[in-house]
Amino acid sequence: MGDEPLCVTEILQALPENERQMINILNQIQQQKGYISREDLQELAAETGQPESVLQGLVSFFNSFRTRPLGRNHISVCYGTACYTRGADLLYDRLAGEMELDADGTSADGFVTIDKVQCVGACSLAPVLICNGDLEGKAKSHQMAGKLRELREEDAKRG
Ligand code: FES
């Protein structure tokens, strides 16, 4: 895989015939590009003959699909049962309460996306969050404001 994400047509061509179920194709597009744009859906509709409205319906039905890019930082709070019973909602509320997030969980300045995910397989460390790809266990809600502050500082250094 090169630096440039594949276009929808290339993604389709790379998929074996027996893996071209629409959900799988949409997953592949999101994996390649980070989100599924309107243009991607138009290209997919043209390639597959599916009405664009049907594809849009699928994307909006499954909340794992994104229609906007992720923020520069990405925090996922595990909402699986073990994490939930150990206060995942408090973690999420503390994080999300620090800023205004849009429907996709992204702040208006693109600084961060905060979302909820299902069990990430580290239940013994509950409650768990994943911050920019790093799993953090036994997270404490009172540390969340500080975590966002640290990310802001790193963000500012990167310019
Ligand atoms: S429920 Fe959160 S890691 Fe399993």
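User: Where is Asn-63 found?
Analyst: Asn-63 sits in the loop between helix 4 (52-61) and strand 1; helices (H or I, at least four residues) and strands (E, at least two) are DSSP runs, numbered from the N terminus. This is a predicted model, where local features need pLDDT of at least 70, side-chain atom pairs count only at pLDDT 80 or more, and totals for chains, interfaces and linings use all residues. Residues are numbered from 1 along each chain as its sequence is written, and side-chain values use heavy atoms, with hydrogens and water left out.

User: Is Asn-63 buried or exposed?
Analyst: Asn-63 is exposed, at a relative accessible area of 77%. Exposed means over 50%, buried under 20%, and partly exposed in between (1.4 Å probe, protein chains only).

User: How far apart in space are Asn-63 and Leu-26?
Analyst: They are 12 Å apart, C-alpha to C-alpha, and 37 residues apart in sequence.

User: Switching to Asp-155. Which helix is its place in?
Analyst: Asp-155 belongs to helix 7 (residues 144-158).

User: Buried or exposed, that Asp-155?
Analyst: Asp-155 is buried, because its relative accessible area is 11%.

User: Which residues does Asp-155 touch?
Analyst: Leaving out residues up to four places away in sequence, Asp-155 touches Arg-72, Asn-73 and Phe-111; contact means heavy atoms within 4.5 Å.

User: What joins the side chains of Asp-155 and Arg-72?
Analyst: A polar contact of 2.9 Å joins those side chains. The term covers a pair of N or O atoms within 3.5 Å; within protein, one must be able to donate a hydrogen and the other to accept it, and residues adjacent in sequence count only if both atoms are side-chain atoms.
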